[in-house]
Amino acid sequence: MSEPGQATPTLTLEGIHKAFGSFVALRSIDLAVLPGELVCFLGPSGCGKTTLLRIVAGLETQTSGRVIQNGRDISRAAPSARDYGIVFQSYALFPNLTIRDNVAYGLVNRRKGRAEIDGRVKELLTLVGLPDTGAKFPSQMSGGQQQRVALARALATSPSLLLLDEPLSALDAKERERLRGEIRALQRRLRVTTIMVTHDQEEALSMADRVVVMNHGVIEQVGTPLEVYVQPTTPFVADFLGKVNVLEAECLGAGRYRVGRIEIATPANGAAAGERVRLYLRPEDRILADTGAVETMPNALKGTVRRIDFLGTYCLARVDVDGFEGQAMTIYLSLNQTHELGVKEGAALPFALRGERVRVFPRSA
Amino acid sequence: MSATASAGFLVGSKRRRWGEWLAARGGIVLLFTALLVFLALPLAMLFVRSVEDKAGATVGLANFAQYLASPGFAFSATHTLIFAALTTAITVPLAFGFAFAIQRTCIPLKPMWRNIALIPILAPSMLAALSFIYLFGNQGALKFVLGWFGLATVYGLPGMVLAMTFASFPHAVMILLAALSLSDARLYEAAASLGTPEWRKFMTITLPGARYGLISATMVVFTMAVSEFGVPKVIGGNYGVLAMDIYKQVIGQQNFNIGAVVGLVLLVPAVVAYAIDQAVRGRQQALLSARSVPYAPRPAAGRDRSALAYVLVVSVVMLVVMGMAAFGSFVRVWPYNLSPTLNHYIYAFEEMGVDRAYRNSLVMAFSCAVLGAAITFAGAYWLEKTRGADALRPLVRVQAMMPMAVPGLVLGIGYILFFNHPDNPLNTLYGTMAILVASTIVHFYSSSHLTALTALKQLDNEFESVSASLKVPFYKTFGRVTVPVCLPTVIDISRYYFVNAMTTISAVVFLYSPKTTLVSISIVKLDEAGAVGSAAAVATLIVATSAAITVASLLAEGWLLRRTQAWRRLAAPA
């Protein structure tokens, strides 16, 4: 992916602000979406991600701020004066029209010949893996198939921007996973700039080139899936993505922190000595005895397993840590590790923290 | 398509986008203006004229003082309340039993019983009054029955209550059928698992679950009775009610100012009942969650047998009342000479001008069916699915629901006061067919509007958004998707307007001219002339016409759905 600034963005949002009465839905949103990339707006419900997408689509009007698409200011343009295709959670297929007519809906309006339209419809239905379904009606298809048709309809007019509003939320788990891969492959192949709104972090992390994590109407962090997961810049992002242990600590200066009676070493995050902070650490950011003698490693700890939650291919162990003075941690264990290390409730579990993974945030946040 | 091609397209479509912008706002502005002229301003005139004297000078509340102090008012008001209260007290329990039998027992032939209960909708309310005159009137075959109850005559309160019960029964049944269809089987299962006897389930689950429906039915029946004109006119005798006062003041004495006062007085109970009904309807919907499991009754021999007996008795009475007027219209002199004749019809058509009235009624009913359905549906669509003109939208919403709270008579007087005013440029409408059509569409607007809204709310909200993204103007999607998908609803609305236009009398009785007289008005005139047989003949004719159109439109609807709507019957693969 090219660095921001190298390519002209397909879409630029500048200081987008949206208020519904006294409720502020979005505040000073700045974002550039580059050509061909898939950007996910991710956040809990009510964070403003859908509102932001609807502002891009012109279905809502921002209170202030500018929307620029391909160099054209479309801040006040009507939806029909913008250039995008959109897919909604509800598919929004016209129930009384055949699949062919649904896909051709936007083409007919452009005074194309019938043969040309038929050719294009065929091409699109093949593209989404549903050739020869043109004569069917939406009600004859499964949810996943309907969503593929909605995608074909949105792509039919070759828009420069594709908007996906929680496109997979109405589908069952298996179908969702399959379509996730298909949409991603299709998007890569067509290189169509895409914005997808989702509340499903797994979906965002697995599909996006860049994830925009939102909360309470502001952007918390923008980054690649790996960046936002491994280097969250705010406690919210650390908390919202995946699981995280939060430990109350005091900064001792020079990258040293005290949790309970234990000292933890981690590359300094800029906290001053004496400052009360919280350490954020994911369950998998630990080293276990199967890789060597953990007792001699930096940040070595002794724990006692209090409870084990079995979750399929892995387990999460709730561990009381000696010297943490009541602050328990959740530790990730593969199923194999559970067997090999003899982890069971009540047993001792020595482990070491990966100090370089620890994120430090001030306690007030 | 390349980026340049789509850019070129955007420039070329500028004019059309402007047209779309205008269409979205224009529709709302038009609807607002139409409702203002044909509803809000006429009603406002009631207030203006009620505080003026005949010469147009402002007299404050003198008219109110004069009318409210008159001995006639005390009588009429008391009579109206007694009449409405008795009717409500009889109709609602009867209808509840009927609806309960259909929704909560396992009797056979439920659709048939339901349809029989709804038959009175096809008839003008005067029909029941005529039937009861045939049955219990001075020459009534069953007049002796009155003696059992210590009554000397059916004219007056007893006849009014009987006829009104018949006329309002289907409205109460419809509300209660809907209320009793909403139920959560899990409550009954929980009660059964706790060993609750049937009567206690009824008292603690069924009745509370239907309480909003009961209140709503009570308000609807009460309002109908309070503002009813046809029934007291035909069978009321000397039992004066407010509706008759208005008629006498306006038609008899041409005293529009007092008429306006009585209209406002009549508006009070109607508005109060409406407010209660509205408050209650919202709660009924909140009663059930999306997770509720619908209740399906299981056979219970004793309960089912008594329910069937009850439904059978009520249905037979309905059919007898309905058939009595028809039968009376085809015999020479009920009950003395029962030889068949068409004389009552011939007299009505040849001597009393019913031929013209019938033609007028058909023209009006078809106009209402076509225009009313088009305006109501398009109006609801514009309100629900387009954007822009946001300041006007709440005003349009309020006006769309107002007719439900306004009795037809009150609307009618408002129309006279407003459209008959010499300074009103629209006064050329007075006495025309157009004003009859307008008043009828407005009078029945609210229910139709609600029906249209319900259908539109079931459509995906994003159809318009998708269309916009595909550069298809919303009105094309309206024609290509919305109307075809909602076609059954549009036809239902159309049928509702037709039937009501055929049977209504309350607003139009003030607005017809000799050229535009209607069949429902002919009943009143024939009855006044003492030609009860001919009045019954005309009432029968109305029922036959309404029924024929209803059946024809149902058949046409079925045919149309089979022909053009294959998509409805196709289900998703299992």
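Me: In chain B, where is confidence lowest and where is it highest?
Reply: Lowest is helix α1 (residues 3–12) of chain B, at a mean of 39; highest is helix α20 (residues 433–443) of chain B, at 96. The scale is pLDDT, the predictor's confidence in each residue, from 0 to 100. This is a predicted model: local features need pLDDT of at least 70, side-chain atom pairs count only at pLDDT 80 or more, and totals for chains, interfaces and linings use all residues. Residues are numbered from 1 along each chain as its sequence is written, while chains are lettered from A and ligands numbered from 1 in the order in which they are written.

Me: What makes residues 1–12 of chain B a stretch of their own?
Reply: Their pLDDT stays under 50. The model has eight contacts for them beyond four places in sequence. Chain B averages a pLDDT of 88, and 94% of its residues score at least 70. For the complex, the predictor gives an ipTM of 0.81 and a pTM of 0.86.

Me: Why are α17 and α24 of chain B called helices?
Reply: Helices are DSSP runs of H or I with at least four residues, strands are runs of E with at least two, and both are numbered from the N terminus. α17(B) spans residues 354–385 and α24(B) spans residues 487–503, so both meet the definition.

Me: How do you know at what angle α17(B) and α24(B) cross?
Reply: Axes are lines fitted to C-alpha atoms, for helices over the stretch in contact, and angles run from 0 to 180 degrees between N-to-C directions. On that scale the two axes cross at roughly 145°, and they come within 8 Å.

Me: What is the handedness of the crossing of α17(B) and α24(B)?
Reply: A crossing is right-handed if the near helix is turned clockwise from the far one by less than a right angle, and left-handed if anticlockwise. α17(B) passes α24(B) in a right-handed crossing.

Me: Which residues make the contact of α17(B) with α24(B)?
Reply: Contact requires C-beta atoms, placed from the backbone, within 7 Å. From α17(B) the list includes B:Met364, B:Phe366, B:Gly372 and B:Phe377. From α24(B) it includes B:Val490, B:Ile493, B:Tyr497 and B:Met502. Ala, Val, Leu, Ile, Met, Phe, Trp, Tyr, Cys and Pro count as nonpolar, Asp, Glu, Lys and Arg as charged, and the others, Gly among them, as polar. The helix contact has 14 nonpolar, four polar and no charged residues.

Me: What makes up the two domains of chain B?
Reply: Domain bounds come from an automatic or database domain assignment. Domain 1 is 13–52 + 343–567; domain 2 is 77–240 + 281–336. Their C-alpha centres lie 27 Å apart.

Me: How many residues of each domain of chain B are in contact with the other domain?
Reply: 26 residues of domain 1 of chain B are in contact with 18 of domain 2 of chain B. On the domain 1 side, the largest share is twelve residues, from α26(B). That side has 15 nonpolar, ten polar and one charged residues.

Me: How many residues of chain A are in contact with chain B?
Reply: 30 residues of chain A are in contact with 27 of chain B. β6(A) gives the largest share of the chain A side, three residues. That side divides into 15 nonpolar, 13 polar and two charged.

Me: Why do β6 and β10 of chain A count as edges of their sheet?
Reply: Two strands pair if DSSP finds at least two bridges between them. The open sheet has the order β6-β7-β8-β3-β9-β10 in chain A, with mixed pairing. β6 and β10 of chain A each have a single partner strand, so one side of each is left without a neighbour in the sheet. The twist averages 15° from one strand to the next.

Me: How do you know which way β6(A) and β7(A) pair?
Reply: They pair in the parallel sense over four bridges. A:Ile86 stands opposite A:Leu163 in β7(A). Helix α5 (residues 143–155) of chain A packs on the sheet, touching β6 and β7 of chain A.

Me: What makes β9(A) and β10(A) a hairpin?
Reply: Five bridges join these antiparallel strands. Two residues lie between them, and A:His216 in the turn has a positive phi of about 50°. A:Val212 stands opposite A:Val222 in β10(A).

Me: Which strands of chain A form the open sheet of five?
Reply: The order is β13-β12-β11-β14-β20, with antiparallel pairing. β13 and β20 of chain A are the edge strands, each pairing on one side only. Inside the sheet, β11(A) and β12(A) pair over three bridges. A:Glu250 stands opposite A:Arg258 in β12(A).

Conventions: Contact = placed C-beta atoms within 7 Å.
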